[in-house]
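Student: I'd like to go through this structure with you, one question at a time. Can we start with how helices pack and then look at how the chains meet?

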Protein chains: 6
Amino acid sequence: MMYITRRETFNAAHRLFREEWDDAKNLEVFGKCSNPNWHGHNYVLFVTVKGHVSGETGFVMNLKELSHIIKTRVIDELDHKNMNVEVSFMRDRLASTENLAIGIWEQLEQPVRASGALLHCVRLEETEKNHVTYYGPDQ
Amino acid sequence: MMYITRRETFNAAHRLFREEWDDAKNLEVFGKCSNPNWHGHNYVLFVTVKGHVSGETGFVMNLKELSHIIKTRVIDELDHKNMNVEVSFMRDRLASTENLAIGIWEQLEQPVRASGALLHCVRLEETEKNHVTYYGPDQ
Amino acid sequence: MMYITRRETFNAAHRLFREEWDDAKNLEVFGKCSNPNWHGHNYVLFVTVKGHVSGETGFVMNLKELSHIIKTRVIDELDHKNMNVEVSFMRDRLASTENLAIGIWEQLEQPVRASGALLHCVRLEETEKNHVTYYGPDQ
Amino acid sequence: MMYITRRETFNAAHRLFREEWDDAKNLEVFGKCSNPNWHGHNYVLFVTVKGHVSGETGFVMNLKELSHIIKTRVIDELDHKNMNVEVSFMRDRLASTENLAIGIWEQLEQPVRASGALLHCVRLEETEKNHVTYYGPDQ
Amino acid sequence: MMYITRRETFNAAHRLFREEWDDAKNLEVFGKCSNPNWHGHNYVLFVTVKGHVSGETGFVMNLKELSHIIKTRVIDELDHKNMNVEVSFMRDRLASTENLAIGIWEQLEQPVRASGALLHCVRLEETEKNHVTYYGPDQ
Amino acid sequence: MMYITRRETFNAAHRLFREEWDDAKNLEVFGKCSNPNWHGHNYVLFVTVKGHVSGETGFVMNLKELSHIIKTRVIDELDHKNMNVEVSFMRDRLASTENLAIGIWEQLEQPVRASGALLHCVRLEETEKNHVTYYGPDQ
């Protein structure tokens, strides 16, 4: 098994809040992240896939193909967007980094498998101080 | 003359657009940055001040004081905010990185001078690929 | 399971040596790190905790709470300190990066558990060329 | 178990191609990386070893010794070299990042074991966007 | 005056040598960089332009346009190339970082001027330890 | 004129204090940096020299020579040392980043001039949040 990782970036607006809570309760739980006027981040995404190294190409998977999958399935959906409002795979989810990582995993799992490798993990950095890593629903 | 620099970070939402232009024209000029639903960034701010090194303290200026000025005059105004809507010193300005750097300069120039040093430049990174540097209106 | 990581920094002085060895022996084993006049580092600490994502908040654990635990249990103890002399949880330990990571783990394991998550690993960078990772005494 | 990691850098030229394929086929599969006139990279290598922390030294393994092994077995072989032409352990391998990581693992596994620790993984960054991680043939 | 900077990356092979010197003399002056089999780097390029901030757009210059100029005039010429053999603007120059920065300046100066801004400087990083900055032939 | 910059690192212990002040006064002015038991940092040093590009070598100055000057004049003096106690060129100076930059400038100015280039500036990072830049006593 070899693990290869691709780094991509996007930026987006979001807000952490529950509709059924009033502003005071949202502020208490989510702090400044609940600002009703939105805020945003430069996200850094690391996608790791695993597989056997091909004797013919020396690759687990062509990085151009991996980059294309990430671009069409994730970056084009999220970049310069408001993830609470415009991103279909975040529609019914609180826009936390944790849930965004789960959404990204679900966008990538099938296309990576179809290309002959396996999605290993998704690492998502929201700021230089905070990141999450998700290994899928079976781990 | 010695130059000292402090690095601070904040994140914010914004949108590049002119109200008198329609969406198509805004999209043509500002691209994805004109998204009406906003997007956002982790901004990195470097503030450089200059002055003589004090024989008593070895400092141009106490960094705690510089950090406090930046925090109260800039970070508290911008962090987790929508700069088109909520930031008083950006009210009548297009929310470009250039204009944000000018706004930050204007917030800092007087308090730094009052502390005995001179503001030399403001460097503002919007993404890891783009930044601006501003040396004030006289340069 | 979701893994979330918080990055914090502190700086400290230390010295690698064994009291029962003379200076020559300490120099032979620990090199420049045994300097009797001390030296120091900017340490970078990554604390990773794991747990289930709450349906209510979208969080494994509120990062403000995690940051508060790290600050009170680790950063306040170590920052701008001499770890051989002033840090209670390093009292009877050689001040190596390995032992410091173990000490930090022991400081964090209980409070993280009390907050409803599990401490997964502690990664400690001493310089940009060297770091250690510790997954606890059971791994 | 404690994991310690050492970061080293080298730069080298290479080319991705199969001799039995013509230029058009190589270009189709390997893109710009098949340029017959070579291209090159600044590689960043992270070597992680694991073991028990010595009560006497506080070390898993003396980092000077680990650095010396990496330097003599890997860096001296690769730095400022053409890996397709001059590097014995890459002689019969396609010069992909995956295969280079395998080659580096094979260079390091025995000497690290002889020093009393175990090689855990090799992480090799080819560019800031791409890296591979290899845990050895048994994983 | 406002200064805006764009960061771009490329990788290339090169060799430092003078044809009229033999290998021993080249090795003496240029060290490992004279390896006849080539070596290579991931170069990081920072291009800074200056100008007045437009009241209409808030821009010194549209970054998409600056990025396009850099891509077509510099990156497409250098990326995944051998700069001694394939890059027209390096044809009669020793492939040092200094000369490469001068070549890049000459490629960019006119197109930036045509876009309404002025090229201020070119900063070129060859490795994380070495970079050069060039402000043009008049400075 | 071309500017070339070399990055080097060292780590050291220090303390900010004035002997004629008591501990309370030192704590008031210098905060945690006045800890009598010392603390320390990983310093990052950028040395920039300027000069004309040699037609023979393509260099302003051989980087090996610049690196050797920095190593023998600065790094060997400071690395793994206590700068208040052991570093001759810091003997009668408060150990602030500002004064350390001045001391480093004085160590480098003559040897760089003797090598045929001119020292342009010294940039010294104490932490990732703070750095100083010094252009010499005439600027």
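Predicted model: local features only at pLDDT ≥ 70, side-chain atom pairs only at ≥ 80, totals over all residues.

Student: At roughly what angle do helix 2 and helix 3 of chain F cross?
Tutor: Two packed helices are described by the angle between their axes and the distance between the axes. In chain F, the pair is helix 2 (residues 63-78) and helix 3 (residues 97-114), and their axes come within 10 Å. The crossing is right-handed. As for the angle, it is roughly 145°.

Student: Over in chain B, how many charged residues are in the contact of helix 2 with helix 3?
Tutor: In chain B, helix 2 and helix 3 pack at about 145° with their axes 10 Å apart, and the crossing is right-handed. Among the residues making this contact are B:Arg73 and B:Glu77 of helix 2, plus B:Glu106 of helix 3. Sorted by class, there are 10 nonpolar and one polar, and the charged ones number three.

Student: Now the chains themselves. How much area is buried between chain B and chain A?
Tutor: Start with who takes part: 23 residues from chain B and 23 residues from chain A. Carbon and sulfur atoms give 42% of the buried area, and the total is about 1800 Å².

Student: Which three residues of chain B supply 32% of the area that chain B buries against chain A?
Tutor: That trio supplies more than any other three residues on the chain B side of this interface. They are B:Asn37, B:Asn42 and B:His80.

Student: Which residue of chain A forms a salt bridge with B:Asp79?
Tutor: Between chain B and chain A the count is four salt bridges, alongside 18 residue pairs in polar contact. In the one with B:Asp79, the closest N and O atoms are 2.7 Å apart, and the partner is A:Lys32.

Student: Which strand of chain B gives the most to the side that touches chain A?
Tutor: Strand 1, strand 2, strand 3 and strand 4 of chain B each supply at least two residues to that side. By class, this side has five nonpolar, 11 polar and seven charged residues. The top contributor, with five residues, is strand 1.

Student: And with chain E, which residue meets B:Lys129 in a salt bridge?
Tutor: Here 21 residues of chain B are in contact with 20 residues of chain E, and the two chains bury about 1600 Å². B:Lys129 is also one of the three chain B residues that lose the most area to chain E. The count between these chains is one salt bridge, and at 3.6 Å, N to O, the partner is E:Glu8.

Student: Last one: how far apart are the closest C-alpha atoms of chain B and chain C?
Tutor: Contact means heavy atoms within 4.5 Å. No contact joins chain B and chain C, and their closest C-alpha atoms are apart by 14 Å.

Conventions: Residues numbered from 1 in each chain as written. Chains lettered and ligands numbered in written order. Heavy atoms only, no water. Axes fitted to C-alpha atoms, helices over the stretch in contact; angles between N-to-C directions. Helix = DSSP H or I, 4+ residues; strand = E, 2+ residues; numbered from the N terminus. Left-handed = near helix turned anticlockwise from the far one by under 90°. Nonpolar A, V, L, I, M, F, W, Y, C, P; charged D, E, K, R; others polar. Buried area = accessible area lost by both parts, 1.4 Å probe. Salt bridge = Lys/Arg side-chain N within 4 Å of Asp/Glu carboxyl O. Polar contact = N/O pair within 3.5 Å; in protein donor to acceptor, adjacent residues only side chain to side chain.
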